[in-house]
Amino acid sequence: MRHQIELDALRAPEMLEPIEKCVHCGFCLAACPTYDLLGEEMDSPRGRIYLMKNVLEARIEADEAQPYIDRCLGCMACVPACPSGVEYGDLLVSYRALQEAERSRSLTDAVTRKLVCETLPYPQRFRLAIRGGKIGRAFATLLPDAFGAMLSLLPESLPAPMPLPAVLPAVGERRGKVGLLLGCAQQVLAPAISHAAAHVLAANGIEVHIPRGQSCCGSILLHVGAEDQARQLARGNFPLMPDDIDAIITTAAGCGSGMNDYELLFKGEADAERARAFSRLVMDFSAYLASIGLRPPPGFAEERVVAYQDACHLLHAQGHQAEPRALLRQVPNLRLVNIADAGMCCGSAGTYNIDQPSIAAELGKRKVAAILAAEPDVIVSGNIGCITQMRAHLNFVGDDRPVMHLAQLLHQAYSEGD
Amino acid sequence: MNANVPASIGELQALVKAHDRIHVVGNGSKPALHHGAGDAALAGAGGFCGIIEYQPQEFTLTAGAGTPVSVIAAELKRHGQYLPFDPLLPNSSTIGGTVAANLSGARRYRYGGIRDFILGARVVDGLGRAFRVGGKVVKNAAGFDLSKFLVGSLGHYAIMTELTFKVFPEPPQHRALRLRYAALPDILDAVYYLNQNIYELDALEFAPADAGWSLLLCLAGFEDTLPSRILALQESLRADTAGLDGGEGDDVNAAWQPLAGLTGDYLVKVALAPKQIPGLDARVSHLKRRYSIGGNLAWVATDDLKMLDALLLEQGLRGLCIRGAASSPLLGMPLEVSLAARVKQVLDPMNKFV
Amino acid sequence: MNHPFIQALQQIYPAERLLTRDVQLLPYESDGLTAFQTKPGAVALPVDEDEIISTVRLCHQMEVPFVARGSGTSLSGGSLPIADGLIIGLNRMNRIKRIDPRGRIAVVEPGVINLHITHAVEPYGLYYAPDPSSQSICTIGGNIAFNSGGAHCLKYGMTSNHVLGMKVVLADGTVTQFGSESLDGVGIGPDLVGLFVGSEGLFGIALEITLRLMPAPQLYRTVLAAYDNLGRAGDAVSMVVASGLLPGAMEIMDRLSIKAAEAAVAAGYPPDAEALLIVELEGEALQVEAEFAQLQGVIEESGAFEVRVAQSEEERARIWKGRKSAFSAVGRLSPDFIVQDGVVPRSRLGEALQEIDAIKSKYGLDVANVFHAGDGNLHPLILYDGREAGALERAEALAGEILAMCVDLGGSITGEHGIGMEKRDYMPAMFSDQELEIMMALRRAIDPKEIANRGKMFPGVEAPALQQHGLHPLEKQGVISRE
């Protein structure tokens, strides 16, 4: 599309290229969860690009457009659907960062956002916040929607921490050496994920380094447009990883895709090169394991029917459709079933649950219906957010079948045969 | 019938301008369409006869509306092609009459009817204007598609002088299969079974027979694969439907002649869906009848047109009488009027064409 | 927009389904053709038939023009809004009301997405045949308005050939019904379905549509042949036709479009091909295999330097994905482009391509060619950079010359995208004044106030024109004149 936007040179490429490349063909509409739900042009990727363009051209006020931009899940399903190669994610992240500075928010909005930015990335604070949430839940009905959503997703009680050693040695022949990122909220909500991932990697002959003092990778902040804070946190991890590792492993899809964007985040910063080097090493747990080749686990004694739910940031943002499935297919006595509309977001999408509770809830409801139709024994995903969302929505319909991370299921597949 | 036979478009325009009521006739092969014409001036189509343009490579053929279907078919055959909508009366009708009455034969089942193969036409309307509708290439999306509107229009809106069609290569070989079923429900089940199966049939017809019902199928294709295809079809029908006996026969021509043996004063085409057949058939079981194009069209022969008219109305069906002294060829449910009337208002505001 | 009209709309629609703020209206100002932008006065999002009927009647009564819009993918500006007019967004009219697998029909609302029908009937071994490139998102209502085609038209026709019956509201508020569930469609009486389909939204809005379904082919054989020049690929098409084969699809892509599609979806096309021919056979396995053997012989003789046959459904899907992405993929090669849509007699394809080559060098612009070779339907994509002064004008002039050439060769100015906004000024190249007058009279007989999709199809000044300067390209060539 043609445009009349003038931007400073730093921002220009990421924001203008997508707008220029977009030919308004509408192919992205088919992939967009909010368009599917709401059926309005403003709630489609094409519509949002058009709105962003109009804001940047000063044809409309940013505040006017903001509700529609905010409704974007950032699931990136539109990116692979786009024949013109529009990097919607680059535009969205840059736009959000640009607008964040000038944005006026309602009090509730501002408080929620502050809470998110100041707690989620910091395990200690998050743990405290959840304790607070437990008390606050009683008052949930009196609070605005956003708080209600936040509280309803919090677990009843926090699991006990599962500490890992600084180095977990490889089992058998050593095939590689990696660093493992523990994640921020994940450490608090589901420490079992990193624990399982470390052990599965070790069982595959990988020496796993788990540096102490890790910080949040900044992805969740990048997602909400808090760039400075995101950079500040990301930097904390740079010096921690050993020099001679093959990969930096993450078990959270959103973190992986966020770290892939470090080049954009650190553009023009003094340590841009350092960030790029770090970013290049980052690999999702499933992609790394598939790349080295799985050591066949003993598998399960009885057949286990597994539904794999794609995390948007693995499927759309990183293109890992085949790898997790390939791993699962190698587990003896495991039957993989397909979920209808597998590429459709479950509604978790980072902080979306908190920002857009009603849409998130509708998407969660649909996702759970599709999952149940496939009749799995267990549901597996590659992202803590998706796991939490599916758990919550299964609970709403009174279903208690297990939802777990791919690493956890693989860990079971190795341990059950022991 | 003593018709004026204009030799040119100019003469036809003059004829239209000179008369208040005009009725078009081709070869008169469907006499029932002409009884209601009364004292209207008859315009014969014979002056617009002959193939105007035929490019086998293009899959297109343009001919005068008064061209006998047999002439067109013969020319196409010389180039290994055919009219896939399968004109119903290949030996007696003109191409214009076939379009005006929308009369397709059994082989229409494979690729579609006249509406699916008409590309364009030249016409003279009730104001004596001569003009072109549609186009001459196999694909065209410019302007309103009045050429399709002419299909089934019975000459009531404009007189066709020239028609352009899409044509197809004719498959090299045909084979037929005839199976006997005990009753209509069995045969309909077989039709439904075939509807959801992969067989690409050239024709699918059924009619009551000596004992029970007879299902006639036709396959087209290459000589070396036809025997195995027909065998597979036969086996699956035997295994999955209630077919009693029968088999491959020399029945291709029988499969292609839906009107054979339909004796009676009046012959009526009824447009319907297969699911409407049981309701209709129960009431016409004393009449000669045949269900064509997979049960999407019925041919009923009767001596009592009034009865059939009332019956079709009752069942929400429409019929077109093509044989017999009918005062009006249209039976059963009245035609749509809202949209058609607007076209009439534009093309024939003085109601000249009857 | 005028207040009494909005107030009347508020009686029909709850606030969340009546869009009136700028921020809500701007995203509707273009469809798939961004050369035109017009902000509508309001957007209404009906959820049932009654709301549509009431809305059309209200528009008729208050003389407010309206445009029915599905997913807004028209490449001819067919769903471009009318300034201060109403957009009736049919996206929420997306129910598949009934599937009758035994009768092979589906009854759907106009907002149903083309591909969703195939998904819904797949379990019964059926599919909905028309496959425009945008089938993953375009709606049946839009397909009907523009008689959309696709890659498989030669054998099975366009949208019109797959609609058996419909219920519609005409532009003056009259509700009527025609056609049936019979394969014979209208069957008796003039074919009103055939007239309504392709009327570009000028007659009214389809409320309920009965579609014909087809049995999913038992076997596909999809052949990809690479050539070192475009003419040779064109000749191959003639050879296939001359051999008596009737493939479901025959598509050609030239070097530029191959490059774009490859970049977009990594279709695995041979990288050094000047032209690609895709031929697809489908049907009963035994018959297809026999046809395939014959096709292989023809392709072998046609001088292809590489021939690939899709070995799996995935490979077939990838070949088609590349082809179907080609238009939008060109967005990777050029900041702006015009998608053209013209038809020439198939036997003159080679001539047409040479002519396009000559025209483009004259204008110094690049043209990518993608076309449905089986039915002579060309889609030249004219690349230009809108930021360059005069580039758009040159691109338009080039497009005009291509269309003039199509008419000269005995073809058409549109095969499947329709006239819409884009080509209304080219109508006089195809139709005489009298023919145009008759069509306009028909439109007025149905829509006396000319409110339905006002400004489309007919040359005129009632809607905003593309930024045109001076004479129209066809006028410059003396093909049309306004005298």
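In the predicted model, the side chain of Thr176(C) makes a polar contact with the side chain of Glu336(B) at 2.5 Å; a polar contact is a pair of N or O atoms within 3.5 Å, where within protein one must be able to donate a hydrogen and the other to accept it, and residues adjacent in sequence count only if both atoms are side-chain atoms. Thr176(C) lies in strand 9 of chain C, residues 175–179 (strands are DSSP runs of E, at least two residues, numbered from the N terminus). Thr176(C) is buried, with a relative accessible area of 8% (buried means under 20%, with a 1.4 Å probe and protein chains only). Apart from neighbours within four places in sequence, Thr176(C) is in contact with Glu336(B) and Ser338(B), and with Met166(C), Lys167(C), Val168(C) and Leu170(C) (contact means heavy atoms within 4.5 Å).

Of the 2 pairs of chains that touch, chains B and C have the most contacts. Chains A and B do not touch, and their nearest C-alpha atoms are 20 Å apart. The predictor assigns the complex an ipTM of 0.96 and a pTM of 0.89.

Chain C has a mean pLDDT of 91, with 95% of its residues at 70 or more; pLDDT is the predictor's confidence in each residue, from 0 to 100. Residues 463–472 of chain C have a pLDDT below 50, and this stretch has 26 contacts in the model beyond near neighbours in sequence. The pLDDT is also below 50 over residues 478–483 of chain C, a stretch with 12 such contacts.

Residues are numbered from 1 along each chain as its sequence is written, and chains are lettered from A and ligands numbered from 1 in the order in which they are written. In this predicted model, local features need pLDDT of at least 70, side-chain atom pairs count only at pLDDT 80 or more, and totals for chains, interfaces and linings use all residues, while side-chain values use heavy atoms, with hydrogens and water left out.

Definitions and conventions:
Helices (H or I, at least four residues) and strands (E, at least two) are DSSP runs, numbered from the N terminus. Buried means under 20% relative accessible area, exposed over 50%, partly exposed in between (1.4 Å probe, protein chains only).
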